[in-house]
Amino acid sequence: MSEKNDVLKDRNSFDTTEEIPRGKFADIMPLSQRVYLEITGSEEKDGIFELGEKAVVVGRSTECDIQLGVQNVSRKHARILFQNEEYLIEDLESTNGVLVNGIKVVRCVLRNNDQIEIGGVKLVFNEEKRLHKK
Amino acid sequence: MKSPVEEKMLVTFWGTRGSISTPGRTTEKYGGNTPCVTIENQGTRIILDAGTGIRNLGIELVREAEAGKQPLKVHLFLSHTHWDHIQGLPFFQPAYLKDTKVTIYGSPKKERFLASVLKRQMDYEYFPVSMSALTADIRIQEMSEENLHLGPLRIEWEEQGFHPGGSVRYRFSAHGKEVVYATDVELDLIFGGDHRTEEKEAAARDYLRFVQGADLLIADGMFSEEEYPARVGWGHASIPAVIEAAAKAEVKQLAVFHHDPQHSDKYLDDLWVKYRSRYLAGPQKMDLFWAREGLTLAV
């Protein structure tokens, strides 16, 4: 007899279903959220940048957290901040503006898969939720 | 010298949903709160409608006040008093701060006065706190024939028919730019149909004149063209009707607003793809988007 059939035989031998103690239901694994900006439209720099709770500045300057070496990008073009458990993007009075899904915005709460455009560079906002393993 | 950015009107959407709030995963992008929009310009703050979106706005305003800025002074303009446009008012935190000044404006054409309508919403049978318990300085002012000026903003208004009980549309002008808020009006009846009456012709002319050339029009586009035939007389516009009317009036940017509670983010995305490219690339050069919560743009 195969190993699989042995297992089935054991299962079939159970007289009753064993009850799980109710306290076990409260033992829920914590959920973590990881958030990324995927840079897709820059010749110089394609890649993925993970966002945390600290605000990040996007621009052409070397002082920026995300540097985009493209002429149409202002030195300090936009800021992404975490506020009230949400991510927001703000235009820092840039020359060419910030577009979210094709709309020029001053400020916008970001949602999963939003497409951002900064001086012609395309960035995608991605949220990923995962369970922590112990 | 003022920078152009300071002169611009900042328009923020706090609630974009029509009829009833629709929380949930399928509406988180465009938002589930009922109508509330702000216009800010050089320290003057206008609120348009007090749907459930006004709750989050209130939290933000209180945060600002606590950060040590000036006492709050806001002007709330109501398009009308259907639930989805007033139901957030009892949850507007600044109304509970004694230093806050709130002026509420609305139609003078109500059978029952505006103050009475708002007060009855907070009757004990419906809500545990009465309107008289709100400690802010709240003044209720029905619109008069004269146009209003608040700071740099000039405000014009008109009654709208073709919505049960009527509604009011507003135009805000500052520094040569115009934002029009014209929700809850059934444009399909005004502009469409074979049976053209003088009332419809006049309503069409008035609408086009009022929204003509607006830099931003925020307008009711609740139903898809497939849904509309089963909703004639409900007082709301179909999406193609509002787009056609806006294009005819040479509106520069149209925010389709008052989304149907049944419309998911995906459904609205699909509609946007269907219509946007047609108008952006067409002779009208009108930009078109679906209003979404948490979006601020400059006009």
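Helices (H or I, at least four residues) and strands (E, at least two) are DSSP runs here, numbered from the N terminus. The structure is a predicted model, in which local features need pLDDT of at least 70 and side-chain atom pairs count only at pLDDT 80 or more, while totals for chains, interfaces and linings use all residues. Residues are numbered from 1 along each chain as its sequence is written, and chains are lettered from A and ligands numbered from 1 in the order in which they are written. As for confidence, the model scores ipTM 0.91 and pTM 0.92.

Take helix H6 of chain B to begin with. H6(B) runs over residues 198-211, 14 residues in total, and its first and last C-alpha sit 20 Å apart. That is close to the expected 20 Å, the expected span being 1.5 Å times one less than the number of residues. Ala203(B), Tyr207(B) and Val211(B) are the buried residues of H6(B). They lie on the same side of H6(B) because they cover an arc of only 45 degrees around the axis, the arc being that of the directions from the helix axis to the C-beta atoms. On the other side of H6(B), Glu198(B), Glu201(B), Ala202(B), Arg205(B) and Arg209(B) are exposed. Buried here stands for 20 or more other C-beta atoms within 10 Å of a residue's own, exposed for 12 or fewer, and partly exposed for anything in between, with C-beta atoms placed from the backbone. Once H6(B) is over, Gly213(B) follows with a positive phi, near 70 degrees.

What sits over the buried residues of H6(B)? The cover includes strand E10 (177-182), helix H5 (187-191), strand E11 (216-220) and helix H7 (239-248) of chain B. E10(B) is itself mostly covered, with five of its six residues buried. Strand pairing (at least two bridges found by DSSP) ties E10(B) to two partners. With strand E9 of chain B (residues 167-174), E10(B) pairs in the antiparallel sense over five bridges, and Phe172(B) stands opposite Val179(B) there. Two residues separate the strands of this hairpin, where His175(B) takes a positive phi near 55 degrees. With E11(B), the pairing of E10(B) is parallel and runs over four bridges; here Val179(B) turns up again, opposite Leu216(B).

Helix H8 of chain B covers residues 265-280, and its 16 residues reach 21 Å from first C-alpha to last, close to the 22 Å expected. Asp265(B), Leu268(B) and Arg276(B) are the buried residues of H8(B), and what covers them includes strand E13 (287-290) of chain B.

Chain A has one helix and 11 strands. Of its 134 residues, 25% are buried.

Now for where the chains meet. Nine residues of chain A are in contact (C-beta atoms, placed from the backbone, within 7 Å) with 11 residues of chain B. Strands E8 (103-105) and E9 (107-109) of chain A each supply at least two residues of the side that touches chain B. The residues of that side of chain A split into five nonpolar, no polar and four charged. Ala, Val, Leu, Ile, Met, Phe, Trp, Tyr, Cys and Pro count as nonpolar, Asp, Glu, Lys and Arg as charged, and the others, Gly among them, as polar. Pairing also crosses between the chains: E9(A) and strand E14 of chain B (residues 295-298) are antiparallel over two bridges, with Arg107(A) opposite Thr296(B).

Key: Two residues are in contact if their C-beta atoms, placed from the backbone, lie within 7 Å.
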